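Welcome! Here is a short briefing to read alongside the structure.

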Amino acid sequence: MMTGEQYIESLRNLKTEVHFMGERVANLVDHPAIRPHINAAAATYDLAFDPQHADLGSAISHLTGRRINRWTHIPQGQDDLVKKVKMLRAVGRITGTCFQRCVGMDALITLYSVTHDVDRKHGTGYHERFRRFLIETQDRDLLSGGAMTDPKGDRSKRPHEQHDPDLFVRVVERRPDGIVVRGAKMHQTGAVNSHQFIVLPGQALGPEEREYAIAFAVPADADGVIQVFGRQVNDSRKWEGTIDQGNPTYGVVGGEALVVFDNVFIPHERVFMLGETEFAGTIVERFTGYHRQNYGGCKSGNLDVLVGAAVALAEMQGTAKASHVRDKLAEMAHLVETMYSGALACSYECTKLACGTALVNLLLANTAKLNTARYYPEVTRLAQDIAGGFVATTPSERELDNPRVKAFVRKYYQTRPDVPAEDRIRLGRLIENMTGATPFIEGMHGAGSPQAQKVVVQRQIDWAERVQLASRIAGIPSAPRH
Ligand code: SF4
Ligand code: FE
């Protein structure tokens, strides 16, 4: 296993092509817009060595018997799924932001079982190939970027009906030694600080879409892989100062890139599905189940930090004892624990797949994510309510050193003699960081938009059974069909 520092150093050996603000980034690791996300990802490495959390941050590989980082582990039962959620909450509390590594983890978990299922139906050899890849990923403790979301073009059209066939990642050439792929994946969390990508189809596919039914792994710095890093609200503060960032070490939730595959060669040993269209839907269903499970873990951990900031600020500002503030804090805590409960519930209610992997309960996992999409904004609203309007109007940190006004700023932003104004400003900036547009949108659309969760909920609920329940109690002999 690598430490956080070793992980950071390992990124220096890559020649990953990333563009930001109109130019190619020469030094990814030390770039102010990217480094906070790298620091957050490094926390996933350090957790494995933290004596308080080592059991969460690491696991024993079921393939090799060796101790590995849990972000590369395939859950073997209920205990592993529960630990996955607890691990995410623990790191969410350490970083206060997204730590970038879970999409790849869920892609690994998903492909492990789906390759097994494809082989059973088609007699292919994907699973053995994938196990070799997984062992290498575990032993080298690599960070995988999971790449799912295609640009999708016109949403009313199928992949093969788009005006540009590259709007979904596809095979453009089959060679004796591998395939050539073209297309792009969007909104890729952790992409710029990944060692490799695991690319999966982003939706169910029909028989006429064989060229789109592909799963593969590729080094992040392979020829033809080009990334364009996205902007975040207030991101220029990252190269302007420290306090105004709110969370200068770990950044703002997100850190996403457009990842372009411009005719990239993938050797056969890294291809894990090629044309088996009927399994694309299975991949999406399992992957999203695992990833939606996460949101009750990482976001509850992040929001623990936000609750703490609201409490600390209320104490500084003399409002902590006000009954309406206490009520709002209790409401925040209740919503956070509701998110967490769903993540735990879908882990406890798991089932076993044919290959031995534990699968979360899909209804509960999707419900947990839907709760997160709905409650994250509500918790942030309450934090802003408690914090007060100064969060939106505080002057730049540079005024704290401006000889003409620094004394005035410190004097008028101070609430109590024992608390420096700067401490209050720091907490206000943290709340601003965690409640702004980027985390808000990420909490809604990350792991799929709320409507995608409702589709799964609709599919998973046995409506007719519920009608029967009501009809029996109401004394209606034959229930109407749903
Ligand atoms: Fe992990 Fe949460 Fe970030 Fe997704 S949003 S990568 S689950 S920390
Ligand atoms: Fe996410």
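Phe 20, Phe 229 and Trp 239 are joined into a cluster by ring pairs. The model you are looking at is predicted, and it holds ten aromatic pairs. Let's look at two of them, and then at the chain as a whole.

**Trp 71 and Phe 99**
- The ring centres of Trp 71 and Phe 99 are 6.0 Å apart and their planes meet at 85°, so this pair is edge-to-face.
- Trp 71 sits in the loop between strand 4 (67-69) and helix 4 (78-95), while Phe 99 sits in the loop between helix 4 and helix 5 (102-122), so the pair links parts of the chain 28 residues apart.
- Both residues, Trp 71 and Phe 99, are buried.

**Phe 197 and Phe 261**
- Phe 197 and Phe 261 also make an edge-to-face aromatic pair, with 6.5 Å from centre to centre and 85° between the planes.
- Phe 197 belongs to strand 8 (residues 196-199) and Phe 261 to strand 11 (residues 256-267), and the two are 64 residues apart.
- Phe 197 counts as buried because its relative accessibility is 2%, under the 20% cut-off.
- Phe 261 is buried too, at 0% relative accessibility.

**The whole chain**
- The protein chain has 15 helices and 14 strands.
- Its radius of gyration is 24 Å, close to the 23 Å given by the globule rule for 482 residues, so the chain is as compact as a globular protein of that length.
- Of the 482 residues, 55% count as buried.
- Among contacts with a separation of 6 or more, 77% come from residues 24 or more positions apart.

**Charges**
- The chain carries 57 positive and 56 negative side chains, and the centres of these two sets lie 3 Å apart.

Terms used:
Residues are numbered from 1 along each chain as its sequence is written. Chains are lettered from A and ligands numbered from 1 in the order in which they are written. This is a predicted model: local features need pLDDT of at least 70, side-chain atom pairs count only at pLDDT 80 or more; totals for chains, interfaces and linings use all residues. Side-chain values use heavy atoms; hydrogens and water are left out. Helices (H or I, at least four residues) and strands (E, at least two) are DSSP runs, numbered from the N terminus. The radius of gyration is taken over C-alpha atoms; the globule rule is 2.2 Å times the number of residues to the power 0.38. Buried means under 20% relative accessible area, exposed over 50%, partly exposed in between (1.4 Å probe, protein chains only). Contact means heavy atoms within 4.5 Å. Lys and Arg count as positive and Asp and Glu as negative; His and the chain ends are not counted. The place of a charge is taken as NZ of Lys, CZ of Arg, CG of Asp or CD of Glu. Rings of Phe, Tyr and Trp (its six-membered ring) pair if their centres lie within 6.5 Å; planes under 30 degrees apart count as stacked, over 60 as edge-to-face and the rest as tilted.
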